[in-house]
Amino acid sequence: MKREDDFKTVITLNDAISAQMVAGMLIENGIRAAVFGADSTAMLNGVGNIDVKVNASDYEAAMELINTPTEVPEDEDLEESEEGEA
């Protein structure tokens with residue numbers, strides 16, 4: 001059984017949905033992640049101190065992913081993409 005000391009918090013957020021999204025992104029990139037503090041009160045109210053934690057050995061890789069900016073397509077790129085699908 002893992003102790004809490006084996007985990008490191010990579011980010012603390014105020015809403016459960018954002019925490020789940022971050023954990024999902026980490027998992028999609030091969031890093032085991034879990035959300036802590038997303039109890040029923042936080043889920044219902046949408047706010048609270050919610051931690052996303054990873055294994056201590058994955059901390060550096062997780063932080064790198066979290067801190068890597070993602071490209072958001074500009075409106076022109078979206079229009080070109082939609083035209084190509086039609």
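**Asp 51 and the sheet around it**

Asp 51 lies in strand β3, which spans residues 50–55; strands here are DSSP runs of E with at least two residues, helices are runs of H or I with at least four residues, and both are numbered from the N terminus. The model is predicted, so that local features need pLDDT of at least 70 and side-chain atom pairs count only at pLDDT 80 or more, while totals for chains, interfaces and linings use all residues. Residues are numbered from 1 along each chain as its sequence is written, and side-chain values use heavy atoms, with hydrogens and water left out.

- Asp 51 is buried but has no salt bridge, and the nearest side chain of opposite charge, that of Lys 53, is 4.5 Å away. Buried means under 20% relative accessible area, with a 1.4 Å probe and protein chains only, and a salt bridge requires a side-chain nitrogen of Lys or Arg within 4 Å of a carboxyl oxygen of Asp or Glu. Lys and Arg count as positive and Asp and Glu as negative, whereas His and the chain ends are not counted.
- The side chains of Asp 51 and Thr 12 are joined by a polar contact of 2.6 Å, a term for a pair of N or O atoms within 3.5 Å, where within protein one must be able to donate a hydrogen and the other to accept it, and residues adjacent in sequence count only if both atoms are side-chain atoms.

**The sheet**

- An open sheet is formed by 3 strands in the order β1-β3-β2, with antiparallel pairing; two strands pair if DSSP finds at least two bridges between them.
- The edge strands, each pairing on one side only, are β1 (7–13) and β2 (33–36).
- Between β1 and β3 there are 6 bridges, and Thr 12 stands opposite Asp 51.
- Strands β2 and β3 are joined by 4 bridges, in which Phe 36 has Asp 51 as its bridge partner and Ala 34 has Lys 53.

**Helices and cover**

- Helix α1 (residues 16–28) packs on the sheet and touches β1, β2 and β3, its direction making about 15 degrees with that of β3; contact means heavy atoms within 4.5 Å, and angles run from 0 to 180 degrees between N-to-C directions, with axes fitted to C-alpha atoms, for helices over the stretch in contact.
- Strand β3 is mostly covered, with 6 of its 6 residues buried.

Notes:
Buried < 20%, exposed > 50% of the residue type's maximum accessible area, 1.4 Å probe, protein only.
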